[in-house]
Amino acid sequence: MKKFTLYLTLILLSKAVHAQSGSPGSMPDSPDTASPAITLILILVFLAIFIGLALWLFGSSSRLEKLSNRSEDDGHSWLKKHLKDLEKYQLDLIIKRKNIEEEPDRKNEPGQAASGNNLKKPILLLLFLFQGLNLFAQSTEASGSVWTNPGVLITITLILIPLLIAVYIVSLKVSHLAKNIRGSQIRKDARKLAKSISELTNDELREELIERKKALDFRLSNTELAGEQLPADKKGLLHHIAEVDSPRFIAPKKKAVKRPDIDPALSKLILWYLGTAAFWLVLGTSVGEYLGIKFVAPDADHVSWLSFGRLRPVHTNMVFWGWSSLAMVGLGYYVVSTVSNTVVASLKRGWYSLFLINAAVIAGSISLMAGVNNGGGEYREYIWPIMLLFAIGLVITLINYLQTIARRKTKEIYISNWYIVSAVMFTIVIALVGYLPFWQNGLGESIAQGYYMHQGVGMWFMLFNLGLIYYFLPQQLNTPIYSYSLGILAFWTQILFYTLIGTHHFIFSAIPWWLQTVAIIGSMGMLIPVFAGTTNFLMTFRGNFHKIGSSYTLPFYLVGIIFYFTGSFQGTAEAFRSANLYWHFTDFTVAHSHLTMYGIIAFMLWAAIYTLVPRLTGKEPRQAWVGAHFWMALIGLLFYTIPLMVGGTLKGMAWLEGKPFIDSVVLMAPYWLWRAIGGSLMWASHLIFAYNLYYMIAGKAEIDLQKTVFDELEKLPVTE
């Protein structure tokens, strides 16, 4: 949190100084007002930095002092207090050392302590330096105040940069020192407790240990209801009842259930897919965040590479082909092999696909910012040699998936593989239709564009994600999918109707009227797979809704399912000619695209990632941060889409009334402000998601006192 606070204050500082410099042609502030204002801002910024640092240091020292001054338990009292928490191997270890009874038949080996490298990233310093570039955009008119003199401003900046860097480095060092001291104290306490436990006599806690062992070894005898038993918890299930040490601001969530081990090589491949996908999500939505700010401050820059026309396709293509596609393909490698009960045909080909798709996104983003693009094609702005890299990656992926399914050890092909393989096949066809030159002239290009754009959303992203949900949702609920038949119905009707609806984006155009009508009918037909799929998922939830409150993954699934219904239904409503008159070419379409690609695709992908990664790494995310990610993304999406839908409707009405175009621009100003606010929340949630993913993959786990005690106990010699 201190990193974000430091970055925010640095940005505010640079913006405050920039505000004093003025823009070219503007009137400079008078010396009487500029000097006190900048002085006050500087004082407030520094006070905020040092007060925040002082509070953080005070909190760290208080926690360390509390840790060092806590009352030390002896082995007897500590064991008695934590007896109900002991795992079976820990209990067996004590019983064996004390010779209380014969060695048990089974013994579970303790897990190894999680490890990971704490990567330090100098991103904050780099971002601050970029922010500082606007300090040199000085006004041509010199102000009479010394505080607005460029030389003074540059000097102050050069002084502040090393000072603030020093403060940041000191805070990192103190944080690292505090963690080391805390870990050292825990290990010291563990050694003392282990030694104290080792020195206990056999009579101490004998009865409690035997009773606890009986509770752990308890098995049903099928006579519980017929016999007369005392009200004793022989199963050892209930303990710490109503034990609350402090007010609960965050509801506790259940952790992931231990699953069978996964091939480390496959885990590494999947994590690289998800890691690069998260990188493109953060970078792509950072571009989108900047574009949203441009609606509020259109003169934010005058650099050709940062113009709206170049950055907008960079944003859309980066989140389409970089974030969503890489995440889906990576998750697909797990689902395809798992439901086929076999290994992936070739992990090497999986790496080839990863390199090719990332290379396509990198080359495509650079070419778009340089002005080299496939003009006139929404979502196909990459020129054909770049998109060819992506297509080759998909062909390799398809071959890998098909060979894995062909080697399956199950008789049937589970429905998830139907959806996933079909999505890859359709996308290869979509790329061919969108880039082959045979029909890219006149109205043929518009028809091909409508097909390409809509099939990309519906037959690549939607179809693939539905395949993932058909596996992950029943597994998370521990409930079979409600109806396999509904899944098959949704599959074939989506293929039938979705391939017809591309031209509903060209209602009232020169495209033949009958073709427009076919698209509208196809849009109506899409209600069948949407209703079938939504019913299937919600009925799978039936009887399991109580699990949502104790899970940090199920809320993501539920939100994705709800938006799957509402967003898809909204798409059908937009296809009608009467609605198209109001909404087409307005911001309503922007809201709809985010409602589907973000509300459905992103939330479903996050749900699957939070489900899978703990299985691959053995490390859970910090549940408070998962909650922050969920709520900021959801609230940000609502702040983004609802105002744009309202403003877009009003804009369409103004156009129908024949009002000047500039009036509709002025009308949208407050709605664009809400768009920027919602987009900022969504972007911040992506930073939290990236941190959560990093924590699950490479984060260093907290030292557990109970586990450390028994690790130390095993090192001590057995006392007779």
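Me: Before anything else, what do buried, exposed and partly exposed stand for here?
Reply: Buried means under 20% relative accessible area, exposed means over 50%, and partly exposed covers what lies in between. Please keep in mind that this is a predicted model.

Me: OK, so where does Arg312 fall, buried, exposed or partly exposed?
Reply: Arg312 has a relative accessibility of 28%, and because that value lies between the 20% and 50% cut-offs, Arg312 counts as partly exposed.

Me: And what does the side chain of Arg312 meet?
Reply: The side chain of Arg312 meets that of Glu378 in a salt bridge, with 3.1 Å from N to O. This pair links distant parts of the chain, since Arg312 sits in helix H9 (residues 308-339) while Glu378 sits in the loop between helix H10 (347-369) and helix H11 (384-406), 66 residues apart. Glu378 is itself partly exposed, with a relative accessible area of 28%.

Me: Which residue forms a salt bridge with Arg380?
Reply: That residue is Glu445, and the closest N and O atoms of the pair are 3.9 Å apart.

Me: Is Arg380 buried or exposed?
Reply: Arg380 is buried, with a relative accessible area of 1%, whereas Glu445 counts as partly exposed at 26% relative accessibility.

Me: How many salt bridges does a search of the whole structure find?
Reply: The search finds five salt bridges. One of them joins the side chains of Lys659 and Glu657, at 3.5 Å from N to O. Lys659 is partly exposed, with a relative accessible area of 45%, while Glu657 counts as exposed at 53% relative accessibility.

Me: Changing topic, how many helices and strands does the protein chain have?
Reply: The protein chain has 22 helices and zero strands.

Me: What share of the residues in the protein chain is buried?
Reply: Of the 720 residues in the protein chain, 47% are buried. As for the surface, the protein chain exposes about 36,200 Å², and carbon and sulfur atoms supply 66% of that area.

Me: Last one: what share of the contacts joins residues at least 24 apart?
Reply: If you take the contacts in the protein chain between residues at least 6 apart in sequence, 84% of them join residues at least 24 apart.

Technical notes. Residues are numbered from 1 along each chain as its sequence is written. This is a predicted model: local features need pLDDT of at least 70, side-chain atom pairs count only at pLDDT 80 or more; totals for chains, interfaces and linings use all residues. Side-chain values use heavy atoms; hydrogens and water are left out. Helices (H or I, at least four residues) and strands (E, at least two) are DSSP runs, numbered from the N terminus. Buried means under 20% relative accessible area, exposed over 50%, partly exposed in between (1.4 Å probe, protein chains only). Contact means heavy atoms within 4.5 Å. Accessible areas come from the Shrake-Rupley method with a 1.4 Å probe; for residues, only the protein chains shown count as cover. A salt bridge is a side-chain nitrogen of Lys or Arg within 4 Å of a carboxyl oxygen of Asp or Glu.
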